[in-house]
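Here is a short briefing to read beside your structure. Have the viewer open and follow along.

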Amino acid sequence: MGFYDRWILPRLVDVAMRNRSAARYRSLIVPKACGTVLEIGIGSGLNLPFYDDGVEHLYGLDPSEQLLAMAGKKARAVAFPIDFIAHASEEIPLDDSSVDTVVMTWTLCSIADPVKALQELRRVIKPDGTLLFVEHGLAPEIRVQAWQQRFNPLWSKLTGGCNLNRKMDQLIRTAGFEFAELKSEYAEGPRPLSYMFSGRAQPALGQRP
Ligand SMILES: C[S@@+](CC[C@H](N)C(=O)[O-])C[C@H]1O[C@@H](n2cnc3c(N)ncnc32)[C@H](O)[C@@H]1O
């Protein structure tokens with residue numbers, strides 16, 4: 001890992017994700033988590049203040065040890081036990097059907113193999129569990145999509161692998177989830193960066209991972 005990825009990128013991620021629009025989504029999505037919770041791509045722990053009393057145990061997974069160290073400092077202020085796991089979500093070191101809620105905020109865009117990661121979420125989540133998500137992705141308008149496709153290679157290099165052009169709803173559905181709530185809309189900011197998919201999904205009945 002180079003100097004940029006090790007020392008600069010984690011700080012950039014932390015600063016970039018502290019904005020009013022993200023905080024509004026966090027406040028709408030994260031308090032719905034309950035029971036045993038797995039947050040994938042927990043980053044610097046910006047969701048931690050938004051968890052509610054219903055959380056019994058949180059697993060905070062992220063491949064970046066630098067971001068996990070930042071999250072560890074914020075963890076001192078929460079009431080429930082947290083285990084940090086330095087791992088990518090393409091292989092999650094948790095048992096099948098062991099998690100009540102998975103939280104995923106602006107993470108699926110950065111996962112190298114999003115299909116494999118979602119299959120892992122499907123494996124660890126209980127049959128009556130919930131996936132809570134906010135992700136940016138491919139916009140519906142052709143003109144915005146063209147910018148997203150054009151800009152994606154450079155953007156991805158600068159941001160440690162973030163992609164602008166993923167169809168988040170399709171990826172989640174194809175992995176065997178069905179939506180209980182799905183909202184897609186532009187948030188604040190430049191259109192190629194701000195088309196958000198947010199909501200709640202559950203394992204689709206009859207579809208095994
Ligand atoms: C844009 S940041 C979002 C951080 C945090 N979820 C938030 O809402 O502030 C993307 C996160 O995805 C993490 N990430 C990248 N690849 C990953 C993978 N394969 N599995 C899990 N997390 C990953 C990064 O380390 C980073 O913390």
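In what order do the seven strands of the open sheet lie? The order is 3-2-1-4-5-7-6, and the pairing is mixed. This is a predicted model, in which local features need pLDDT of at least 70 and side-chain atom pairs count only at pLDDT 80 or more, while totals for chains, interfaces and linings use all residues. Residues are numbered from 1 along each chain as its sequence is written.

**The sheet**
- Strand 3 (82-86) and strand 6 (177-186) form the edges, each pairing on one side only; two strands pair if DSSP finds at least two bridges between them.
- On average, neighbouring strands are turned by 15° against each other, direction ignored.
- Strand 2 (residues 55-62) joins strand 3 in the parallel sense over five bridges, and Asp 62 has Ala 86 in strand 3 as its bridge partner.

**Helix against sheet**
- Helix 3 (residues 65-75) lies across strand 2 and strand 3, running at about 175° to strand 3.
- Such angles run from 0 to 180 degrees between N-to-C directions, with axes fitted to C-alpha atoms, for helices over the stretch in contact; contact puts C-beta atoms, placed from the backbone, within 7 Å.

**The whole protein**
- The protein has six helices and seven strands, which are DSSP runs (H or I, at least four residues; E, at least two) numbered from the N terminus.
- From the N terminus on, the elements run α-α-β-β-α-β-β-α-β-α-α-β-β.
- The C-alpha atoms fill a box of roughly 45 × 40 × 30 Å along the principal axes.
- Among contacts between residues at least 6 apart in sequence, 68% join residues at least 24 apart.

Key. Contact = placed C-beta atoms within 7 Å.
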